[in-house]
Amino acid sequence: MALFTEQLFADHLTLPYPEAVVVGDAYFAAPVPDLPLRLRIDFAPTIYAGRYDGLRLRIVHLDQGPVDTLVLRFADHGAFDTRDRRNGYRQGQGEYGTITDWTRSEHPPWAGISVTRLRAAIDQYVRLWIPGAPPVRTGPPSAIAPAPHQRTSATRAR
């Protein structure tokens with residue numbers, strides 16, 4: 001089963017990096033194109049084949065190779081709290097806070113993921129290692145578009 005990686009990054013995480021691409025099951029980005037630091041994000045594997053419990057972030061220097069690695073666990077960031085409560089999964093049980101690619105389904109294994117806290121953690125990590133990286137939108141999308149700015153000055157153009 002596919003992990004639908006491109007859909008996760010494009011439609012759900014919506015990271016703001018100008019140069020980014022999904023290759024296989026990994027997301028690659030140049031948050032600041034003029035710097036030699038790159039971001040790679042993929043799914044963090046568990047000891048079980050085809051089971052993932054988070055996102056693995058890596059900062060890679062173009063000349064020097066890997067600089068740092070961080071795993072953002074789904075359970076630590078509430079990514080599947082709703083699903084896990086609904087299914088009766090408890091912390092410490094095999095499927096709690098994980099996704100698997102064991103079954104054939106047309107739906108992504110991460111369907112229903114809550115990305116707000118993951119997005120905030122990605123933003124912190126990237127901005128720590130890559131100065132000048134654009135900020136990630138960390139709140140939920142606004143339901144109402146802001147009103148256009150209107151001139152409130154008492155003076156009028158003549």
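**Notebook: aromatic residues and overall make-up**

I began with Phe-74, which is buried at a relative accessible area of 1%; buried means under 20% relative accessible area, with a 1.4 Å probe and protein chains only. I note that this is a predicted model, in which local features need pLDDT of at least 70 and side-chain atom pairs count only at pLDDT 80 or more, while totals for chains, interfaces and linings use all residues. Residues are numbered from 1 along each chain as its sequence is written, and side-chain values use heavy atoms, with hydrogens and water left out.

**Aromatic pairs**

I looked up ring pairs, taking rings of Phe, Tyr and Trp (its six-membered ring) as paired if their centres lie within 6.5 Å; planes under 30 degrees apart count as stacked, over 60 as edge-to-face and the rest as tilted. By this rule I find three aromatic pairs.

Phe-43 is buried at 4% relative accessibility, and Tyr-52 is buried at 14%. Phe-80 also counts as buried, at 2%.

**Charges over rings**

I next looked for charges over rings, where NZ of Lys or CZ of Arg must be within 6 Å of the ring centre and within 35 degrees of the ring normal. The charged end of Arg-83 sits over the ring of Phe-80, 4.3 Å from its centre. Likewise, I find the charged end of Arg-51 over the ring of Tyr-48, at 5.1 Å from the ring centre.

**Thr-5**

I located Thr-5 in helix 1, residues 5–13. Thr-5 is buried, with 2% relative accessible area. Leaving out residues up to four places away in sequence, Thr-5 touches Val-22, Gly-24, Asp-25, Ala-26 and Phe-43; contact means heavy atoms within 4.5 Å.

**Whole protein**

I record three helices and six strands, as DSSP runs numbered from the N terminus (helices H or I, at least four residues; strands E, at least two). Their order from the N terminus is α-β-β-β-β-β-α-β-α. Of the 158 residues, 37% are buried. Among contacts between residues at least 6 apart in sequence, 47% join residues at least 24 apart. The accessible surface comes to about 9900 Å², and 51% of it belongs to carbon and sulfur atoms; I note the Shrake-Rupley method with a 1.4 Å probe as its basis.

Technical notes. Buried < 20%, exposed > 50% of the residue type's maximum accessible area, 1.4 Å probe, protein only.
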